[in-house]
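Here are a few exercises to work through with the structure on screen. Try each task before you read its solution.

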Amino acid sequence: MENGEKDYKKLYEDALLTLSEKENIISDQQFELDKLRRHLFGFKSEKRTNNVGDDQLGLFELGTTRSVQEELSESIPVTEKPTPKKRAKGTGRMSLPEELRREDVVIEPSESTEGCVRIGEEVTEVLEVVPASFYVKRYIRPKYARSNGEGIIIGELPDRVIEKGIPSESVIAQMTVDKYVYGMPLHRQIDKYSKMGVRIPASSASDWIMKGWDHLKPLWELLRLIVVNQKYLQVDETPIKVQDRDHKNNIHQGYMWLYHSPVDRLVLFDYQKGRDQSGPKKMLADFRGIIQTDGFAVYDSLFGDHPDIHLTFCMAHARRKFVDAVK
């Protein structure tokens with residue numbers, strides 16, 4: 001081949017080799033990515049239960065039985081309390097709130113104090129807790145017959161969240177707070193209450209929560225009115241998985257729309273089954289002012305040319321475009 005003339009066959013073979021190497025690298029990285037996804041989001045179903053008795057060894061259990069463990073625990077010597085170390089200066093104990101109820105326990109000396117003069121006292125405060133417990137409140141209403149034989153007199157029951165229902169407002173309030181404030185699902189609550197001696201069917205617990213929501217609706221409506229009458233709102237939506245018996249895998253993808261009022265530090269939550277414009281269109285029908293969002297197209301289609309709404313965007317989302325441009 002003459003000098004200066006390209007060897008296209010060699011160039012083609014080199015290009016194929018380079019492409020093959022890149023495909024191998026991509027394949028290896030895809031494998032690592034899939035493995036990482038399974039590690040982070042995969043189902044962990046390798047659980048088993050142990051139901052064997054003390055006199056029967058489990059196939060995968062070669063340890064000691066419970067009775068042997070109890071015998072061994074009794075042979076452990078009891079260690080004496082260590083001498084408390086002196087605290088360094090400036091590291092005082094946590095202060096206990098003054099509004100907590102105080103219960104005094106007076107500890108007299110073990111020896112006789114006859115003839116002694118009391119010169120003072122030392123007070124040590126210890127934080128205590130009383131575990132929650134169920135009890136039954138009985139409303140007893142005496143019945144009286146009128147002297148003239150015209151009917152019976154009886155006291156009226158107080159209003160309840162569920163008329164003729166078993167739970168009081170305190171039970172429904174506790175279940176609602178545990179579920180929506182502290183993130184304890186109903187099945188965990190039911191398991192907890194069963195250990196406290198009260199078995200609540202899952203269907204009943206769900207109905208109690210919904211009945212309680214009926215009484216909270218006026219508060220939610222008031223919050224909605226306050227939020228949509230602000231002059232500046234931040235709006236965003238986030239996906240949330242919802243149990244649904246009529247959907248594949250018994251779960252459908254819902255969306256929680258959030259309307260945040262930074263001035264009054266209020267947040268309004270509004271659940272919608274989809275991410276289309278129906279949710280914010282209805283919620284902000286009467287809003288007038290500034291709305292700040294990310295770059296989701298729904299907001300621009302709704303409020304981009306709105307005469308009474310000024311649509312602004314998020315600086316953090318805008319910065320991403322500059323980062324992409326630099327790359």
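**Exercise 1. Find which residue of β4 stands opposite T238, then place the strands in their sheet.**

Step 1: look across from T238, and you land on M256 in β4. Strands here are DSSP E runs of at least two residues, helices are H or I runs of at least four, and both are numbered from the N terminus.

Step 2: follow the neighbours. β3 (residues 232–243) and β4 pair in the antiparallel sense over ten bridges; pairing takes at least two DSSP bridges between two strands.

Step 3: zoom out to the open sheet of five strands, with the order β5-β4-β3-β6-β7 and mixed pairing. Its edge strands, β5 (266–272) and β7 (309–313), each pair on one side only.

Before going on, a word on the model: it's predicted, so local features need pLDDT of at least 70 and side-chain atom pairs count only at pLDDT 80 or more, while totals for chains, interfaces and linings use all residues. Residues are numbered from 1 along each chain as its sequence is written, and side-chain values use heavy atoms, with hydrogens and water left out.

**Exercise 2. Work out which parts the pair of F134 and Y193 ties together.**

Step 1: describe the pair. F134 and Y193 are edge-to-face, at 5.3 Å centre to centre with 85° between the planes. (Rings of Phe, Tyr and Trp, the last by its six-membered ring, pair if their centres lie within 6.5 Å; planes under 30 degrees apart are stacked, over 60 edge-to-face, the rest tilted.)

Step 2: locate both rings. F134 is in the loop between α2 (66–74) and β1 (143–145), and Y193 is in helix α4 (residues 186–195), so the pair joins parts 59 residues apart in sequence.

Step 3: check the surroundings. F134 is partly exposed at 32% relative accessibility, whereas Y193 is buried at 5%. (Buried means under 20% relative accessible area, exposed over 50%, partly exposed in between, using a 1.4 Å probe and protein chains only.)

**Exercise 3. Find the rings that join W257 in a cluster.**

Step 1: start with Y299. W257 and Y299 form an edge-to-face pair, 6.2 Å centre to centre and 75° between the planes.

Step 2: see where they sit. W257 belongs to strand β4 (residues 251–261) and Y299 to helix α7 (residues 297–303), so this pair ties together parts 42 residues apart in sequence. Both W257 and Y299 are buried.
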